[in-house]
Amino acid sequence: MSARSETDAAVRSPRGGKVVLGDRLGSRENNFDLLRLLAAWAVLVSHSFSLVGHDEPLHQLGTTLGNLGVLIFFAVSGLLIRRSWEYDPSPWDFWVKRALRLLPALATVGLLTAFVLGPLVTSWSLSSYLASAQTWLYPLRITLLFPFGAQLPGVFEDNLYAGAVNGPLWSLPLEVFAYLLLFLLGLAGLLARRSVVTVMALAGLAWAAWWITWTSDAVGSGYVLAAFALGAAAYSWRDRLVLSWPWAATAFVACVLSGLGPDAVRVVVWTVAVTYLAYWFAYAVPRTARWMTAWGDASYGVYIWAFPIQQTFVQLLGPDTAPWVLILVCTPVVWLLAIASWRLVERPALRHKPARTGTAHGAGGGTP
């Protein structure tokens with residue numbers, strides 16, 4: 001029996017009726033594409049409220065639907081990037097794979113925003129717009145992951161979030177920083193030591209609890225780094241991490257209850273619970289809604305294209321537009337752009353990924 005057949009057999013007949021993370025990691029029968037797509041759409045939905053001056057969903061629990069989506073992204077990334085290093089611990093391959101996943105689509109959205117969308121929505125004359133250094137630097141800044149303060153002349157200057165061209169890109173430098181930390185641990189041979197990775201995850205949670213109480217809401221969102229660390233630790237404990245409906249229900253209830261308490265408690269509970277729920281949904285829930293991902297992995301495209309499209313419609317429809325109208329108008333446009341991004345840019349770029357040189361074990365833990 002092939003390795004894939006053995007893995008899929010384990011999926012159909014898990015040990016003693018239990019779904020163990022380590023048994024599922026090698027299976028293609030998972031909901032990760034759907035989960036990432038829903039997380040990206042959650043960010044779109046959340047911003048559809050804030051961009052027209054409404055409270056975002058989940059604000060009653062001290063967070064937002066957008067933060068939840070980003071938290072899911074980091075939790076998934078921590079697990080899968082850790083697994084990728086196990087398969088291929090080559091420094092060159094590691095960074096080539098990360099670059100091919102992030103940069104081609106990012107460069108494309110930067111160029112098209114600056115030189116197609118920008119001229120259509122700017123309040124400046126076309127000649128003045130194209131003569132501005134800001135216009136020409138924008139794609140470079142975006143591609144080099146310096147999105148903070150990356151504006152375009154006269155673009156969205158009368159919107160509620162004046163001058164904000166692509167706000168969600170704030171998370172990408174943080175994600176690359178998380179890659180760097182994991183990379184350094186891998187080079188030092190410390191990723192193989194379960195105790196070290198566990199301490200790092202606990203330290204990340206402690207830092208997140210402190211960080212959220214000392215910073216603004218926007219900067220405080222940096223606590224999502226703790227989810228990445230927790231994902232890396234989950235890989236180390238994959239042989240013991242059971243994914244079950246009772247634990248998933250407990251995690252959901254814990255999120256609701258902690259959302260009514262202090263920020264520090266909420267951040268820790270949500271990071272742990274959402275990370276668990278992400279893996280439970282990916283591996284313990286039967287693969288579902290395949291039609292939503294049949295056209296390709298649109299999640300990254302949705303994430304990087306949504307905000308400028310939403311800002312454009314806010315400018316066209318006015319600041320009094322109902323959030324649900326913005327969601328209904330923007331979702332199909334963003335999805336089409338995301339599918340085009342996947343088929344024309346992302347997937348062709350990923351075909352150039354280096355072939356893996358190592359072997360990862362689906363089950364078993366790291367060195368204690």
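## Starting from one isoleucine

Let's begin inside this predicted model. Leaving aside residues up to four places away in sequence, isoleucine 304 touches Ala105, Leu106, Val109, Asn166 and Leu169.

The largest nonpolar core holds 106 residues, and the members that touch the most others are Leu106, Leu243, Trp280 and Ile304. Which helix gives the most to this core? That is helix 13, residues 263-284, with 13 residues. In soluble globular proteins, nonpolar side chains tend to be buried together.

## A second core

There is also a separate core, made of five residues. Among them are Leu100, Trp342, Ala349 and Leu350.

Are they buried or exposed? Cysteine 255 has a relative accessibility of 5%, so it counts as buried, the cut-off being under 20%. Cysteine 330 is at 0%, so it counts as buried too. How many disulfides does the model have? The count comes to zero.

## A nonpolar patch on the surface

Now turn to the outside. Phe177, Leu180, Leu181, Leu184 and Leu187 form a nonpolar patch on the surface. Together they have about 430 Å² of accessible area.

Take Leu181 as one of the patch residues. Leucine 181 sits in helix 8, which covers residues 171-187.

How values were computed:
Residues are numbered from 1 along each chain as its sequence is written. This is a predicted model: local features need pLDDT of at least 70, side-chain atom pairs count only at pLDDT 80 or more; totals for chains, interfaces and linings use all residues. Side-chain values use heavy atoms; hydrogens and water are left out. A nonpolar core is a set of buried Ala, Val, Leu, Ile, Met, Phe, Trp, Tyr and Cys residues joined through side-chain atoms within 4.5 Å. Buried means under 20% relative accessible area, exposed over 50%, partly exposed in between (1.4 Å probe, protein chains only). Helices (H or I, at least four residues) and strands (E, at least two) are DSSP runs, numbered from the N terminus. Contact means heavy atoms within 4.5 Å. A disulfide is a pair of cysteine sulfur atoms within 2.5 Å. Patches are made of residues with over 30% relative accessible area and no salt bridge: like charges are joined within 9 Å, nonpolar side chains (Val, Leu, Ile, Met, Phe, Trp, Tyr) within 5 Å. Accessible areas come from the Shrake-Rupley method with a 1.4 Å probe; for residues, only the protein chains shown count as cover. A salt bridge is a side-chain nitrogen of Lys or Arg within 4 Å of a carboxyl oxygen of Asp or Glu.
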